[in-house]
Amino acid sequence: MAPDTSTQIHNIGYRSYDGPRLGRAYARTSLFSQSLRGAYGLGRSAKSKVLPMILFAVMCVPALIIVAVAIAVPGYTDLPIKYTTYAVTTQVIVYLYLASQAPQSVSRDLRFKTVPLYFSRPIERVDYVVAKYAAMASALFILTATPLLIMWIGSMLAKFDFSHQIKGFGQGLVSVLLLSLLFSGLGLVMAALTPRRGFGVAAIIAVLLIPFGAVTAVQGIAYSTGNTGAIEWMGLFSPITLIDGVQTAFLNADSAFPGGEGPSAGVGVVYLLVVLGLIVGSYAALMARYRKAGL
C-alpha cells in the first residue's frame, strides 16, 4: 500500500518564547487586580460602571452630610454618629453592592466554562479562590471604609479631639474589615453555586436579608415580652447582627439590638468565633466548589 503523501506540516509562524516566566504569583496578582477593577466596572463597558459607582456615591453621601452638619452647626464636639454605626445603618447599600458584584466576579467564569482555562496555566485552585476572595473583600472594604475616612477628615477640619477621633476611626476600620471578609465569603459562595447571575443575586439577597428580618422580629418579640436575655443570643443567626454583636462587645459601638442591649464581652467571644468560623468555612466551601468546577 502506497504511503499517504497528502498530509503536510505547515509552518504558520509560531515562535518559541525565551523571555522570563512570571509564574503563579504574577498570575494571582493579575487576577486579583482584574477582579477588583471589575467590581467597580473599571476596564469594562460604561454600562457596567453605572451601578457600582452609583452605590459607591450613595454610600458616601450620608458621610458628607454628617460632616457638613458637624462643621456648620455650632455646638458639636463630636460627630453625630459613631464610626462603627455607619456600616450597620447603611447595610442595604452593602447588600445591593455585594449582590450585584459577587456574581459578576465568579458566575461568568462558570457560565462560559473558563475556569478550566485558568487552571491550565500556572495558576492553581487555591490561587483562583484567594484572588477572587481578596478582590471582593477589598472592594467591599473600599465601599465601607471610604465614608469613615470622609468622616474622619471632616472631624479634623472641625477640630474635634484628635485622639478620640483616631480611636473611633480605627475601631470603625476593624469593624468594616470583619464585615467585608464575612460578607464577601458568603456572597461568593452563593454566587459560585450557580452559573446564572440572576440566581446568584437572589441567593445573596436571601442569605443576607431573610435571616436579618427573622432575627430582628424574634428580638423584638423577646424585648416586648421582657425576655431580654435571649436577645443577645438571637444575634448569632444573622450576618449583620453578628458584626453588630462583635463591635458592641469589643469596639465600643452602640448596639442596634432592641433596647440597645448588645452582647457582653463573654458572649461577644462567641460572636467573634462564629464570624471567624464563617469566614474560614466560606473559604473552604469555595475551595471545594472549585475542585469540581476546575475539572
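Biologist: With which residue does Glu-124 form a salt bridge, and how far apart are the closest N and O atoms?

Modeller: A salt bridge is counted when a side-chain nitrogen of Lys or Arg lies within 4 Å of a carboxyl oxygen of Asp or Glu. Here Glu-124 pairs with Arg-24, with the closest N and O atoms 3.8 Å apart. The two partners come from distant parts of the chain, 100 residues apart: Glu-124 is in the loop between α5 (115-119) and α6, and Arg-24 is in helix α1 (residues 23-39). Helices are DSSP runs (H or I, at least four residues), numbered from the N terminus. The model is predicted, so local features need pLDDT of at least 70 and side-chain atom pairs count only at pLDDT 80 or more, while totals for chains, interfaces and linings use all residues. Residues are numbered from 1 along each chain as its sequence is written, and side-chain values use heavy atoms, with hydrogens and water left out.

Biologist: Which other salt bridge does Arg-24 form?

Modeller: Asp-127 also forms a salt bridge with Arg-24, and their closest N and O atoms are 2.7 Å apart. Asp-127 lies in helix α6 and Arg-24 in helix α1, so this pair ties together parts 103 residues apart in sequence.

Biologist: Where does the salt bridge of Asp-254 and Lys-82 lie in the chain?

Modeller: The side chains of Asp-254 and Lys-82 meet at 3.4 Å, N to O. Asp-254 belongs to the loop between α10 (239-250) and α11 (265-293), and Lys-82 to the loop between α2 (46-72) and α3 (83-89), 172 residues apart. Asp-254 is partly exposed at 47%, and Lys-82 is partly exposed at 32%.

Biologist: Which residues touch the most other members of the largest nonpolar core?

Modeller: A nonpolar core is a set of buried Ala, Val, Leu, Ile, Met, Phe, Trp, Tyr and Cys residues joined through side-chain atoms within 4.5 Å. The largest has 72 residues, and Tyr-97, Leu-98, Phe-183, Ile-204, Leu-286 and Tyr-290 touch the most other members. Helix α6 (residues 125-157) supplies the largest share, 15 residues. Beyond its neighbours within four places in sequence, Leu-98 is in contact (heavy atoms within 4.5 Å) with residues including Met-136, Leu-140, Phe-183 and Ile-204.

Methods
Buried < 20%, exposed > 50% of the residue type's maximum accessible area, 1.4 Å probe, protein only. Helix = DSSP H or I, 4+ residues; strand = E, 2+ residues; numbered from the N terminus.
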